[in-house]
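Subject: Handover of a structure

Dear colleague,

Please find below the structure that I am handing over to you.

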Amino acid sequence: MRASAPSLSVADIVAQLGGELQGDGTPTIRGVGTLANARCDQAAFLAHGKYRKQLHDTQAGVVILAPSEAVSTSRTCIVCSDPYAYFARLSLMLNPAPVVTPGVHPAAVVDLSAEVHPSAYVNALVCIGAGAIIGPHVLIEAGAVIGERVRIGAHSVINANVVIYHDCQLGERVILHAGVVIGADGFGYAPLEGRWTKIPQVGRVLIANDVEVGANTTIDRGALDDTVIEEGVKLDNQIQIGHNVTVGAHTAMAGCVGVSGSVKIGRRCQIG
């Protein structure tokens with residue numbers, strides 16, 4: 001279930017996130033929005049000059065902007081060096097993560113040798129294989145399939161109809177959106193006498209902490225060594241990661257990117 005969103009005064013926001021308050025600190029902020037459509041109880045941000053004309057007409061209760069923009073307005077605002085990043089942090093505060101209600105739905109199928117932490121929640125029609133380990137406060141939504149000996153770290157969220165093949169490992173605070181497939185076989189075949197001979201894919205997929213994977217993205221298991229997704233990587237929807245790929249920490253990829261087998265991608269790359 002979703003946690004109830006907090007209500008914060010503008011002054012409270014500045015006290016918690018920093019920045020400089022310009023104007024009235026008493027308005028209550030309950031959400032976020034765009035300059036064009038925000039209500040009086042929402043925060044908006046201005047990070048690009050092409051939206052400057054919307055600053056005059058916005059109904060937002062507070063606008064987050066840079067010092068160079070603050071001099072041209074008398075409205076209530078929070079002045080900071082990076083309005084977009086500030087807005088992201090505020091949005092996280094006002095849109096808390098789902099609260100995990102512990103338990104296993106009676107319509108789930110959990111192998112007797114699997115370990116599900118008492119603080120985790122497993123929804124209906126989930127299947128968890130032998131020897132799997134589900135960590136504290138993990139949320140597994142309906143229809144997900146967790147293979148044999150899979151490990152899922154604390155506070156991870158596995159959304160509906162995700163499939164995680166055998167032996168793959170996820171760190172803490174990993175988010176897999178609906179339809180993600182982790183650990184399917186890589187595209188490994190050898191030509192033999194005019195036919196293709198399948199090469200068994202015996203590696204794993206190892207996903208580190210704080211990785212988020214968009215809907216219907218696929219990450220293939222390694223052929224011999226492992227496919228590795230390092231800490232903080234963000235993958236959009238419908239991305240294909242081939243076998244034995246390494247994606248360096250804090251790299252971000254936009255939707256429909258394809259990465260062929262054995263590619264090594266460095267840290268903090270941006271790929272579209």
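**Overall picture**

The protein chain contains 3 helices and 34 strands, where helices (H or I, at least four residues) and strands (E, at least two) are DSSP runs numbered from the N terminus. This is a predicted model, in which local features need pLDDT of at least 70 and side-chain atom pairs count only at pLDDT 80 or more, while totals for chains, interfaces and linings use all residues. Residues are numbered from 1 along each chain as its sequence is written, and side-chain values use heavy atoms, with hydrogens and water left out.

Taken along the principal axes, the C-alpha atoms of the protein chain fill a box of roughly 75 × 45 × 25 Å. Of the 272 residues in the protein chain, 43% are buried. Here buried means under 20% relative accessible area, exposed means over 50%, and partly exposed lies in between (1.4 Å probe, protein chains only).

**The sheets**

Two strands are said to pair if DSSP finds at least two bridges between them. Strands of a sheet pair through backbone hydrogen bonds, either parallel or antiparallel.

Strand 2 and strand 7 (residues 77-79) run antiparallel and are joined by 3 bridges; Glu 20 stands opposite Val 79 in strand 7.

Another open sheet has 9 strands in the order 8-11-14-17-20-25-28-31-34, and its pairing is parallel. Its edge strands, strand 8 (103-104) and strand 34 (270-271), each pair on one side only. Within this order, strand 11 (residues 121-122) and strand 14 (residues 139-140) pair in the parallel sense over 2 bridges, and Tyr 121 stands opposite Leu 139 in strand 14.

**Helix 3**

Helix 3 (residues 83-94) has 12 residues, which should span 16 Å at 1.5 Å a residue, and its end C-alpha atoms are 16 Å apart, in agreement. The expected span is 1.5 Å times one less than the number of residues. Pro 83, Tyr 86, Phe 87, Leu 90 and Leu 94 are buried in helix 3. Seen down the axis, the buried residues of helix 3 fall within an arc of 100 degrees, so they line one face of the helix; the arc is that of the directions from the helix axis to the C-beta atoms. The face turned away from the buried side of helix 3 carries the exposed residues Tyr 84 and Leu 92.

**A hairpin and a surface patch**

Strand 22 (residues 189-192) includes Tyr 189. Strand 22 and strand 23 run antiparallel, joined by 4 bridges, and Leu 192 has Arg 195 in strand 23 as its bridge partner. The hairpin of these strands has 2 residues between them, and there Glu 193 takes a positive phi near 55 degrees. Glu 193 is exposed, with a relative accessible area of 77%.

Tyr 189 is partly exposed at 36% relative accessible area. Phe 187, Tyr 189 and Trp 196 form a nonpolar patch on the surface, with about 450 Å² of accessible area together. Patches are made of residues with over 30% relative accessible area and no salt bridge: like charges are joined within 9 Å, nonpolar side chains (Val, Leu, Ile, Met, Phe, Trp, Tyr) within 5 Å. Accessible areas come from the Shrake-Rupley method with a 1.4 Å probe, and for residues only the protein chains shown count as cover.

**Salt bridges**

The structure holds 8 salt bridges, each being a side-chain nitrogen of Lys or Arg within 4 Å of a carboxyl oxygen of Asp or Glu. In one of them, the side chains of Arg 149 and Glu 148 meet (3.2 Å, N to O). Arg 149 also meets Asp 167 in a salt bridge (2.6 Å, N to O). The latter pair links distant parts of the chain, 18 residues apart: Arg 149 is in the loop between strand 15 and strand 16, and Asp 167 in the loop between strand 18 (163-164) and strand 19 (169-170). Glu 172 and Arg 173 form a salt bridge as well (3.1 Å, N to O). Through shared partners, salt bridges join Glu 148, Arg 149 and Asp 167 into one network.

With kind regards
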